[in-house]
Amino acid sequence: MSDPFFEQIRARLIVSCQALEDEPLHGSDVMAKMAKAAEIGGAAAIRANGADDVRAIRQAVPLPVIGLVKRNYPDSEIYITSTRREVDELIEAGASMIAFDATRRPRPSGETLESLIAYMHSRGVKMMADISTLEESAYAASLGVDCVSTTLSGYTPYSPQDPGPDLQLIREAVRALSIPVIAEGKIWDPSQAVQALEAGAYAVVVGSAITRPQLIAERYASAIRRAAKAAQPAEQACNEGPRAHS
Ligand SMILES: CC(=O)N[C@H](C=O)[C@@H](O)[C@H](O)[C@H](O)COP(=O)(O)O
């Protein structure tokens with residue numbers, strides 16, 4: 001593939017810099033700093049939520065920004081770039097590629113997956129299809145998206161609910177598709193990123209493990225709590241000392 005964007009991200013790290021309103025790091029200024037840190041750390045591109053964050057990040061770093069808009073609608077479970085309204089916002093903000101929910105669940109505002117992809121085609125924008133299963137990846141590819149990302153595995157009720165990345169989906173999608181398959185979702189460790197690449201992923205997106213400190217802290221705190229709890233009976237026995245025989 002000779003597309004400069006895809007050349008730039010080949011076998012590289014993409015950092016997802018996202019903080020929703022209820023998260024402590026919410027705010028475009030903070031996300032722009034996160035993106036700067038990611039760039040210094042070696043990221044080849046940034047994934048970001050919302051037109052304001054896309055704009056701020058584009059000003060802060062010379063990296064391509066994959067944009068999405070998370071917005072809840074009352075009549076749909078889909079919340080990642082659900083309709084052309086979000087697509088327009090991202091194009092306006094200068095996103096290099098648009099990430100969107102490419103599951104076949106009902107979309108809000110009478111939009112369909114097919115109509116949304118056709119609209120993005122007509123606007124000439126690159127498309128990253130966020131999918132949760134092999135079947136969804138194949139269908140999105142047949143509609144002409146530029147790449148698929150395993151973002152939604154574990155986030156639809158019918159996909160595997162595992163704690164780690166869906167390496168099997170990556171492997172199967174790579175085998176089945178002729179477009180890049182991006183590994184995304186639940187990658188917490190550099191070794192998992194390497195496994196994803198070994199499974200054939202074209203690039204790897206890491207979010208929470210780099211940019212959501214409250215989740216990172218929680219992992220440490222709960223591991224420490226678990227270890228302390230497991231050590232308790234032994235400690236108690238130690239403190240009590242040998243029992244005197246009566
Ligand atoms: C399911 C969903 O809404 N995923 C979102 C998609 O943009 C983000 O909240 C994730 O942080 C991103 O996909 C990266 O994944 P992880 O944070 O696991 O590295």
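Tutor: Let's settle one term before we look around: two residues are in contact if their C-beta atoms, placed from the backbone, lie within 7 Å. Keep in mind too that this is a predicted model.

Student: Fine. What covers the buried residues of H6?

Tutor: The cover includes strand E5 (126–130), strand E6 (147–149) and helix H7 (167–176). The buried residues themselves are Leu134, Glu136, Ser137, Ala140 and Ala141, in a helix that runs over residues 134–142.

Student: What makes the buried residues of H6 line one face of the helix?

Tutor: Look down the axis of H6: its buried residues fall within an arc of 160°, so they line one face. Just after the helix, glycine 144 takes a positive phi of about 95°.

Student: And H5, which residues are buried there?

Tutor: In H5 (residues 113–123) they are Leu113, Leu116 and Met120. Their arc around the axis is only 70°, which puts them on the same side of H5. The face turned away from that buried side carries the exposed residues Glu114 and Ser122.

Student: Where is isoleucine 80 found, and what is it in contact with?

Tutor: Isoleucine 80 is in the loop between strand E3 (65–68) and H4. Neighbours within four places in sequence aside, its contacts are Leu68, Lys70, Ala99, Phe100, Asp101 and Asp130.

Student: How do you know that E7 and E8 pair?

Tutor: Pairing takes at least two bridges found by DSSP, and strand E7 (residues 181–184) and E8 have three, in the parallel sense. In one of them, isoleucine 182 has alanine 203 of E8 as its bridge partner.

Student: How many bridges are there between E6 and E7?

Tutor: Two, again parallel, and at least two is what the cut-off asks for, so E6 and E7 count as a pair. There, valine 148 is partnered with valine 181 in E7.

Student: Which way do the residues of E7 point?

Tutor: Val181 and Ala183 point one way, Ile182 and Glu184 the other way, and all are buried.

Student: In what order do the strands close into a barrel?

Tutor: Eight strands close in the order E1-E2-E3-E4-E5-E6-E7-E8, with parallel pairing. From one strand to the next, the twist averages 25°. The chain also has 10 helices.

Student: What makes up the shell around the ligand, by class?

Tutor: Seven nonpolar, six polar and two charged residues. The closest of the 15 are Ser16, Thr151, Tyr155, Gly207 and Ser208. Strand E8 (203–206) and helix H9 (208–211) each supply at least two residues of the shell.

Student: What share of the chain counts as buried?

Tutor: Of its 246 residues, 42%.

Methods:
Residues numbered from 1 in each chain as written. Predicted model: local features only at pLDDT ≥ 70, side-chain atom pairs only at ≥ 80, totals over all residues. Near = placed C-beta within 6 Å. Helix = DSSP H or I, 4+ residues; strand = E, 2+ residues; numbered from the N terminus. Nonpolar A, V, L, I, M, F, W, Y, C, P; charged D, E, K, R; others polar. Buried ≥ 20, exposed ≤ 12 C-beta atoms within 10 Å, placed from the backbone. Axes fitted to C-alpha atoms, helices over the stretch in contact; angles between N-to-C directions. Arc of directions from axis to C-beta.
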